[in-house]
Amino acid sequence: MGVAANSQVNYLLHLADNALILGQRDAEWCGHGPVLEEDIAMANISLDLIGQARLLYQHVADLQADGATEDSLAYFRDPDEFRNYTLLELPHFPSATGPLAGTASAERDYATAIVRNFLYSALMQLLWPALEQSTDAQLAAIAARAAKEVRYHLRHSRDWLVRMGDGTDESHQRVQSALNHLMPYTQEFWTPSEAELEALRLGVGPDVASLRPQWEDLVNEALTEATLKRPSDIGYVTQGKNRQHSEHLGYVLGDMQVLARQHPGAQW
């Protein structure tokens, strides 16, 4: 594979890994949602994200033509081969306590899940339509489908953000704490990787930083309606898309990959 094709693959893996890892995190709410309707809603969002990942992984497999499949790309790569945003791999632990070790035992915090989904969906609400103009026809087609799905993801997370932020004292505190904890991780959205820069040069992907003003407007409008205070996003810029991850990704992949790795080649 040439340099350009390799860069295209790395960019596609970034998009696919984002969808897969957030899909896995959202799937952790299955059977644990605060109400039955939310249990179903999170499961459906997870299915959408994993569906996006499947399409992107299959496109990567076709480009690589080395025997890879969507399953091998999801289940048989190690943490240092993944290119997802660090934001998406963080656990659902109560954000008031800050980041915990992957082995920590704590209740899931729905505010953390909602805020993360909102911040990411606000980005993808802009990125997927931009990717419909990609010179990669297959990616453009995937983006057209995903753009329809993310409109629901954003509406769902935004509605809950406002409901919790403008709700009780406790719900307001929880969602504000989650926002304070997660906002600094969004800096990674705007710091381009080599794969993103090469995708931009090839016309495969857009200049993601150019989407920031619209993202800021979406976020600030929602936070105002939710009576939430916009926290600072200054701090260490995470490098998940450059394959430098937190300790949490290993635990996510351990849960997700264990069956496939214990029974390689099994058919069900």
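Analyst: In this predicted model, Glu225 and Arg158 form a salt bridge, with 3.0 Å between the closest N and O atoms. Glu225 belongs to helix 8 (residues 212–225) and Arg158 to helix 5 (residues 137–165), so the bridge ties together parts of the chain that are 67 residues apart in sequence. Glu225 has a relative accessible area of 43% and is therefore partly exposed, since that value lies between the limits of 20% and 50%. In general, side chains of opposite charge can pair when their charged atoms come close.

A second bridge joins Arg174 and Asp109, at 3.1 Å from N to O. This pair also links distant parts of the chain, 65 residues apart: Arg174 is in helix 6 (residues 169–182), while Asp109 is in the loop between helix 3 (70–75) and helix 4 (110–131). Arg174 is partly exposed at 33% relative accessibility, whereas Asp109 is buried at 3%.

Another bridge lies within one helix. The side chains of Arg201 and Glu198 meet at 2.5 Å, N to O. The two residues are three positions apart in helix 7 (residues 194–202), which means that about one helical turn separates them. Arg201 counts as exposed, at 58%, and Glu198 as buried, at 17%.

Salt bridges can also form a network, as Arg212, Glu216, Arg230 and Asp233 do here. The structure holds 13 salt bridges, and the protein has 20 positive and 36 negative side chains.

Key
Residues numbered from 1 in each chain as written. Predicted model: local features only at pLDDT ≥ 70, side-chain atom pairs only at ≥ 80, totals over all residues. Heavy atoms only, no water. Lys, Arg positive; Asp, Glu negative; His and termini not counted. Charge placed at Lys NZ, Arg CZ, Asp CG, Glu CD. Salt bridge = Lys/Arg side-chain N within 4 Å of Asp/Glu carboxyl O. Helix = DSSP H or I, 4+ residues; strand = E, 2+ residues; numbered from the N terminus. Buried < 20%, exposed > 50% of the residue type's maximum accessible area, 1.4 Å probe, protein only.
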